[in-house]
Amino acid sequence: MINFQYLRTTTSKSALALLSKDKAAKFLAGGTNLIDLMKRGVTTPEKLIDINHVPLKQIELKGDTIIIGALASNTAVAEHALIKEKLPLLANALNAGASAQLRNVATVGGNMMQRTRCGYFYDTEMPCNKRQPGSGCGAIGGFNRMHAIFGTSEKCIAVHPSDMCVALIALDATVVLANQKGERKILFKDFHRLAGDTPQLDNNLKTDEMIIRLEIPINNLAKNSHYLKVRDRASYAFALVSVAAALEISDHKITDVRLAMGGVAHKPWRLTASENFLKGKEASTANFELAAKLAMTDAKGFGENDFKLQMAPNSIIEALTLAKSKA
Amino acid sequence: MQSSDPKNNQGDSRRDFLKKSSLITAIALTPSVALKAAESQADERFAELFEKIPLNLTVNNKAYQTSVEPRVTLLDYLREELHLTGTKKGCDHGQCGACTVHVDGERVNSCLSLAVMNEGKKVTTIEGLANGDELHPMQAAFIKHDGFQCGYCTPGQIMSAVACVNEGHTTSRSEISEYMSGNICRCGAYPNIVDAIIEVSKGETKA
Amino acid sequence: MENRMLKDENDRVDGVFKVTGKAKYFAEYELPGLTYGVLVTSTITKGKITTLDTKAAEKAPGVISVLSHLNKPSAPGYEQDGGSPMKIFYTDKIFYNGQPIAMVVANTFERATYAASLVKATYAKEEFNTNFDKAVADSKSKKLQGQPDYKRGVENAYKTAEVKIEEKYHLPIETHNPMELHGIIADWRPNNQLTVYAKTQGVKATQGTIANVFKIPVENIQVNSEFVGGGFGMALRTWPVEIATVMASKHIGKPVKLVITRMQMFTMVGNRPAAIQTIGLGANKDGKLTGITHRAFGETSVYENFTEGVVNMAKFMYQCDNVNTQYTVVPVDLGVPIWMRGPGEATGAFALESAIDEMAHALDMDPLEFRIKNDPERDQQRSLPFSDKNIKEAYRVGAQKIGWNERKNKPGSLIDGQLKTGYGVSIGVFNANRGRASVKGILKADGSLVLQSATSDIGPGTGTGMTLIASKLMKIPADKITFELGDSSLPPAPSQGGSATLSTVGSAVNDVCVALKSTIAELAANSNMDATANFVDVLKKNNLPSIEIMKQSQAGKEREAYSMYSFSIHFVKVKVHSLTGVVKVDKIVSVGDSGTIVSPKTARSQMVGGAVGGVGMALTEESIIDHRYGRYINNNFADYHVPVNADIPEIEVHFINKPDPYINPMGAKGMGEIALIGFSAAVANAVFNATGKRIRSLPITPDKILADS
């Protein structure tokens, strides 16, 4: 690792000012992904701006909206009484990710900025369009068991590795970003990108911006929600597929529903068509099966990950069933 | 293992980079001797000084005032600088938990934390857990339940286990197992580790 | 090491050191002027280095030296012809991707790491093949006999049996991955005096290998390895990177520390070789085996051959008059494998023990009943009686503890919602070895006993076992006994491998204690003391601060009269999720039949650890290579899945605990291997019982459960 320059700042204003002076600088929050990538030579910033002391750690209810600061740790969010009560789906998703040690340090903003776990991305001697545009995609025609089935491109079939983000997209979160001129808001579903022709870009954060906070509207989905993560070992592993499922049921009818998946696309994958199908219908296994089938309309396997074409709908059914059974 | 980044080269460009970089932002973090040197056209020796920044850290209740390269991880700082080798390097990438220490009372992987990120913080390592010759109850419980074989993951397991109890994640065997899954044990002592944690969480072990 | 506040004599003698961080592993020794080595590795799989540019690295801050084939640091043994073709830094040839091609030595780890990234190589590439399956299938690829073919009775008798099965089983490459990263500290001093702090399963073996390469007397080399952070076989040899570090220290005249990365642990320090096996079984309708054929292909490297005992078990484990085996190794362009816990026997047992289950199913018999029916009375391979074998009792005990009576013989019978429950059983067996070792005993007038031997402890609790043997014989409390190991200057002992340490070194401890007792008795008699007098009083009376005896001990002719094995029976209960394909091991019962249990606490832990390793082998572990590039794709702890705490249920261990009358004075046999051997088949058999799906390719990941369902 190059002996980069290290700067520390205590306000978002000064952080943005430092960033504006050197676009090649990177913010350092928990560092659990960035330092890992730097050790592997995947990214080689010459300047790090430590923003851990910037006061963006709030977790609070304002009106009908839950506010979570970008620098709140994964643990702080997952263990917060407000989140456990109002957004258990988010708490469960957070606890399904990484380990207790990593969650203590990893931040909400950092989790959103987390890069893919694709082995080709991590090995600087292998082709990867995300790491080195134009070098090719190693995973296509290679080891792609962990890779995407939705929204893939010829340039990249990597998946977004976060669990937290799957819950956040399901919960209709909004992201508040800032640059030196001011703040802007973006829907969480629009924060991450599909790979398309620019797989090097994971998201729509501009180079002069930082993530300030999340705003999540409260809902009536807390009672019947479930985060299902299917993986190769029982814990501390990335998802083969994961499903965030939440239901609002009255008189056996589904009045509101949220469905999103992880481990299947370059971004957290919201299953809007399946949601629309389920709304107003009975919360029955038959309907869950139809919704799962609908979710798979545009799915495509790449050989080693073909099993996801079955595991994904199965997992949707299971997650919905478990969400419902919490009644 | 080679860097493809052309900027990422060597001494000369490194010094150029330092000259160009914002002195104002660096001032707060740079020893005054290095600053003086920088003003009078730093030579390589001073450039070296320049590359280290001051660090104030409390480890096991002992205060340290040193300077360190920003790229040095807390793990390597503890092991190679302070010679506190009880904290182990198992993967160096946050994937095994052998390097687990407490920072301000919370368990973290020291391999993914830069030493300089811990400015002003209190670090506790396995060496700081016992009270003199009196073992911490978790250490005693690990011996009683044989929660280890080769012993290499053990300091990390114990630091994690102490935190697990403090966090209150000990309501069942399965909860303990889940919250201890960030610590890999290749010898396979997991059930014994869970036994040790259950005993301590019930307050049965006296050191 | 000093004692230690033992609360219970069965606690580990080094427990306090390990739980306080005071146990020092190789990388943790402070040496004045210590420098840091970091490796540069090849980025191609096969060919030659054409250029190696080290200039930028040499100029980088803190760099002391860059070693490579360009400057060939002195190693006289490498200058001779012949020997191992992997002469590190003495060749420009590339045999596998990730092969070390240079070492940067600098004054800090960070500087060495950065400078290593500045070394640039170019290569002349050659065609390669890292795909073992392809090499086995390709009739043109090189194939070597791994072991002489074996035949008893009629060859391939299974083919004409009343009931027959013939199935193929695949095992991927597994990587040992002890938690401690591999490496060494080498400190070469003037007059060719060398001290190394090594991660080794054999300090004497390390000493001998280094002496051979550097052509200095073994007496000049001190090897220290008191604590080893796991080995599982990978530290049974001195790897080229260790030689390179010694070279570096000799070259620069300073101590050099090398700690390789977790990624490098996959390429340059061995692996469990991939295997493809075919088992043919024949039986009559009554369930008696009439033919066993076991054919195996094992992976090896192109530059060095590796073989192991993959087909051993088929020759004696079941009563059968017609048995034939064949074992072939097939080289691929990867680093050379090395024994991994259970070694080849664990590979073979997955196939054989799965096939036995398949045959029981074909016969519509309970697999336990089928095993008992074919349990051999004598070793048919060696035509000898077994020295000690209590398998039927072990089957009975384990079946009762797992709740075997809950099991249904028809697969897929136990369903609760999406969860299907199944039970599986398998057997593990390993040669009960006993080698030759020396132990020195120093009995002191202060009431303490020091025992010394150049053996190792990679985790099983060698010192604890030896202390308990001595404590029992000498009637000295365990906390008054110190067992010193991991030091090449101590009396010689073999490397820790093949489950032989307790039997081999323990026998020498026994013999030393017997000799000490008789010396004390003699002294007592000579000084007119009672024959039962306490040794402290006897020594004091004779004005002796201590007495010292060294004994060498080894097996005798009993091994010609008896066939000696350790056995284990593994029972596993699994729950398989129909929708997600996730297999959860719900309960484990392992029964050990390995003679007297000398150290009950550590013995139990060893069985538990073997089961955990077995869960990994069965369900999660596979080192994956992209054969287009010849590079590992999951070479880290995030993507190579060693089981975590949440994967493991409570594990019950039971020991038969009857002395083997012939093996050694303690009647104790090794357990390190049997704890793992066969386990993976018990899981696969349980998965079959739960789902009706027979998975013959490890690991049994969720996608394989979902396939064709």
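Between them, chain B and chain A bury about 3700 Å² in this predicted model, and 51% of that area lies on carbon and sulfur atoms. The size of an interface is often given as the accessible area lost when the parts come together. Counted by residues, the contact draws 46 from chain B and 41 from chain A.

Specific pairings across the boundary can be considered next. One salt bridge is counted between chain B and chain A. Its partners are Asp92(B) and Lys39(A), whose side chains meet at 2.9 Å, N to O.

On the side of chain B that touches chain A, several elements supply at least two residues each. These are helix H1 (11-20), helix H2 (23-27), strand S4 (106-109), helix H7 (154-167) and helix H8 (173-179) of chain B. The largest share comes from S4(B), with four residues. By residue class, this side of chain B comprises 15 nonpolar, 19 polar and 12 charged residues.

Attention may now turn to chain A itself. Its domain assignment gives domain 1, covering 5-52, and domain 2, covering 224-325. Lys39(A), the partner of Asp92(B) in the salt bridge, has a number that falls in the range of domain 1 of chain A. Taken over C-alpha atoms, the centres of domain 1 and domain 2 of chain A are separated by 36 Å.

Key. Residues are numbered from 1 along each chain as its sequence is written. Chains are lettered from A and ligands numbered from 1 in the order in which they are written. This is a predicted model: local features need pLDDT of at least 70, side-chain atom pairs count only at pLDDT 80 or more; totals for chains, interfaces and linings use all residues. Side-chain values use heavy atoms; hydrogens and water are left out. Domain bounds come from an automatic or database domain assignment. Contact means heavy atoms within 4.5 Å. Buried area is the accessible area (1.4 Å probe) that two parts lose on being put together, summed over both. A salt bridge is a side-chain nitrogen of Lys or Arg within 4 Å of a carboxyl oxygen of Asp or Glu. Ala, Val, Leu, Ile, Met, Phe, Trp, Tyr, Cys and Pro count as nonpolar, Asp, Glu, Lys and Arg as charged, and the others, Gly among them, as polar.
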